[in-house]
Amino acid sequence: MPLPEVPPPSVDHDVLLVRRALDGDDAAFTALVTRHRALVERVIRPLVPHGVSDVAQTTFLSAWLGLPRFDPAAGTFANWVCAIARNRALDALRAERRHRALRPVPLEAVHADLLVDPAARPHAVAERHSDARDLRVALRALDADQRTVIGLSYVGGLSQGEIQRHLGVPLGTVKGRTRRGLAVLRRELAAHA
């Protein structure tokens, strides 16, 4: 007995599958995933080569949840799901960058070498080493919350809004911790001047 022929993907067939999926037919959405998974993975791979499977899964979850917003008059299902895939891949890329920026910076990471210009004269080099030592001492005077906020801001390069979202505290708390922490640093550095 010969196997039945599988029709090639078509725009009309995709629209039919979307309508059936919206009517509660899970198999129809599974068919859409099967038909477009390779295409979605090709969109994701250049942006997130090590997380293709996870981002593809997030893409199809977003497509499932957003299926009522799909408009065949605005474009094909393939283009729509590829746009979702690209956005989810960019989200994953941004999250990875943020994750790297949010790694805690140990106090020992503030090395005098980072503050020294090798071409500087010995007197200037000694002064910068002293400044780096003073900075390490001043950082020890901060409480953990102040050190976290100032580290995320000045070492991690995050805005106060990003810090607020990362820590899950009110924006006013982030601003207060930053203000009090900078006051402590100014006081400590002035004492060593």
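In what order do the elements of the protein run from the N terminus on? In this predicted model, the elements follow the pattern α-α-α-α-α-α-α-α. The protein accordingly contains eight helices and zero strands. Of its 193 residues, 31% are buried. The accessible surface amounts to about 12500 Å², and carbon and sulfur atoms account for 56% of that area.

The largest nonpolar core comprises 22 residues, and F29, V40, I44 and F77 have the most contacts inside it. At least two residues of this core are supplied by each of helix 1 (11–22), helix 2 (26–44), helix 3 (52–66) and helix 4 (77–102). Helix 2 provides the largest share, with six residues. Nonpolar side chains tend to be buried together in soluble globular proteins. When residues up to four places away in sequence are not counted, I44 touches V52, V55, A56, T59, A85 and A89.

A further position examined was C82, which lies in helix 4. C82 counts as buried because its relative accessibility is 13%, which falls under the 20% limit. With neighbours within four places in sequence left aside, C82 is in contact with L39 and V43. The C-alpha atoms of C82 and E41 are 9.0 Å apart in space, while the two residues are separated by 41 residues in sequence.

Conventions. Residues numbered from 1 in each chain as written. Predicted model: local features only at pLDDT ≥ 70, side-chain atom pairs only at ≥ 80, totals over all residues. Heavy atoms only, no water. Core = buried A, V, L, I, M, F, W, Y, C linked by side-chain atoms within 4.5 Å. Buried < 20%, exposed > 50% of the residue type's maximum accessible area, 1.4 Å probe, protein only. Helix = DSSP H or I, 4+ residues; strand = E, 2+ residues; numbered from the N terminus. Contact = heavy atoms within 4.5 Å. Areas by Shrake-Rupley, 256 points an atom, 1.4 Å probe, with all protein chains shown as cover.
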